Amino acid sequence: MGEWGRFGRKAVVASLRTFNDGAFHDEIGITSAALPTEGTFGGYAMPSRADQVADPEINEEALDLTDAFVRLLAPWHRWS
């Protein structure tokens, strides 16, 4: 049986690190050790000259800081 989710829009991601890795990769195209390959655009690979930064683009220290920042955010409430 899989892990229970806690993070993400539908609470399907079990850990904050996995959520942040995925957000960096899927939302802004930043690779990490966990997700070291570039994404695609409409199923096509990114042109080789479009991204000349070595992968992974974010290191573990930066991810640790991101995790700490997100962990300390206040819960969001929608007030009617």
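The model is predicted: local features need pLDDT of at least 70, side-chain atom pairs count only at pLDDT 80 or more, and totals for chains, interfaces and linings use all residues. Residues are numbered from 1 along each chain as its sequence is written, and side-chain values use heavy atoms, with hydrogens and water left out.

Colleague: Is Thr-31 buried or exposed?
Modeller: Thr-31 sits in the loop between α1 (16–28) and β1 (40–41). Helices (H or I, at least four residues) and strands (E, at least two) are DSSP runs, numbered from the N terminus. Buried means under 20% relative accessible area, exposed over 50%, partly exposed in between (1.4 Å probe, protein chains only). Thr-31 has 0% relative accessibility, so Thr-31 is buried.

Colleague: Which side chain does Thr-31 join in a polar contact of 2.9 Å?
Modeller: Contact means heavy atoms within 4.5 Å. Not counting residues up to four places away in sequence, Thr-31 touches several residues, including His-25, Pro-36 and Asp-55. A polar contact is a pair of N or O atoms within 3.5 Å; within protein, one must be able to donate a hydrogen and the other to accept it, and residues adjacent in sequence count only if both atoms are side-chain atoms. The partner at 2.9 Å is the side chain of Asp-55.

Colleague: How far does α1 reach from its first C-alpha to its last?
Modeller: α1 has 13 residues.

Colleague: Which helix is included in what covers the buried residues of α1?
Modeller: Those buried residues are Leu-16, Asn-20, Asp-21, Gly-22, Phe-24 and His-25. Their cover includes α2 (60–71).

How values were computed:
The expected span of a helix is 1.5 Å times one less than its number of residues.
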